[in-house]
Amino acid sequence: LKARNRRTVQERRRSCGRVACPKGAARSSLPRADCVAEMSQNLLAAGGGATVTHKAPSRHSLGQAENPPAQRDISYDDLDKFRYYTIGPACAFMCRFALFPFALVKTRLQMQKGGVQLPSNASTGMGTAKAAEIIRYSGTLDAFRKIVHHEGPRGLFKGFGVSCIGIVSGQLYITTYELIRQEAGRMNDVHHIFSPPTMDVVRNAVAGGTASLLSQTVVVPVDIVSQKQMMMSREKMPLSMVQLSRDIFAREGMMGFYRGFFASVMVYAPSSAIWWGSYGFIRQKLAQLAKFNNVEPSRQKLQAASGAVAGVIATLATNPIDVARTRLQVEGSSARGAAQNTLRSTLAVLWKEEGPKSLMKGVQPRIFATIPSSIMIITVYEFVKEWSVRR
């Protein structure tokens, strides 16, 4: 064994001038004697306890060792479900807490109408004044400043408790996404409908859109109650989640909790499909661009950049429908006729009464929230998946 090791060391000494040294060290940065000594130590450590068949290294094999192994695709069956469904919700709660103030500001801006300040005694059918009708906001930063000034820091978290119920829908969403993505990949492996890179984009988009469609059955009732709390001013005692739920049910019945359901589906299902599809596509293109320029970015940086760009694209594409959805859910049927209580009629009224710019209301805080949330969501999602793989 020692004689064979010596011969192998001699062969590697002769090839050391042609290939990179171990551990990715460049030839100019590691002297030849140190390179041979390190290879000898590694070889003796590997062959000290058992008979090992050694093979002279080739330029191709050592060249591969310099590059980190490609990340394998983790399917739903590979996951430890206990870890996946404990780490995931905890991370989702932290992300929701960090990004909730942006959602509140976006809702306030989208509910502003015209440019005339309404009197401070404006109230809804619930006897609670709407903050967006009392104070005018000129933009995102102005809204943050005035909310903190008039309502205190806690004003940025109105409706947060109710919105946390949405974490349940998040687990339904991610489970549906993983299962559809896995089955679509298996189907393509059998029928070869798309090439692997194209299939990665297609299955991400289909899985994301379908998962969002199913999760809206939980998200919409939570959004309606949460948004009503967001719109409450400090002048009167805010209604609790139970009080708001009773009031909605008394005035509109069970359908009151699903007002704007079609609009929500029209916002979030395409947004989710666009986001996941764009994420897969942009990640591929950025990886190809980095390879072309002989750059090896970290996997986390690649994920973060792809997620941020995908989030901006999805936000710009769906903001007009999101404005109409917010109007439908916050304004009850008492505030509009039955003929106007549809997505199409709401978009028409926005265009006619407030102009085309009204369809992009709240887009700035949405983008401000989307970029960090996309980065956080995709990095946390990939981290949770890797951490939850069965050992």
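User: Is lysine 158 buried or exposed?

Analyst: Buried means under 20% relative accessible area, exposed means over 50%, and partly exposed lies in between (1.4 Å probe, protein chains only). Lysine 158 has 15% relative accessibility, so it counts as buried. Lysine 158 sits in the loop between α6 (140-151) and α7 (160-163). Helices here are DSSP runs (H or I, at least four residues), numbered from the N terminus.

User: What should I know about the model itself?

Analyst: It is a predicted model: local features need pLDDT of at least 70, side-chain atom pairs count only at pLDDT 80 or more, and totals for chains, interfaces and linings use all residues. Residues are numbered from 1 along each chain as its sequence is written, and side-chain values use heavy atoms, with hydrogens and water left out.

User: Which side chain does lysine 158 join in a polar contact?

Analyst: A polar contact is a pair of N or O atoms within 3.5 Å; within protein, one must be able to donate a hydrogen and the other to accept it, and residues adjacent in sequence count only if both atoms are side-chain atoms. Here the partner is glutamate 151, at 2.7 Å.

User: Where is the kink in α9 centred?

Analyst: The bend at a residue is the angle between axes fitted to the seven residues ending there and the seven starting there. In α9 the kink is about 50 degrees, centred on glutamine 216.

User: How is isoleucine 377 placed, buried or partly exposed?

Analyst: Its relative accessible area is 43%, so isoleucine 377 is partly exposed. It belongs to helix α14 (residues 363-387). Alanine 308 lies 69 residues from isoleucine 377 in sequence, yet 10.0 Å away in space, C-alpha to C-alpha.

How values were computed: Helix = DSSP H or I, 4+ residues; strand = E, 2+ residues; numbered from the N terminus.
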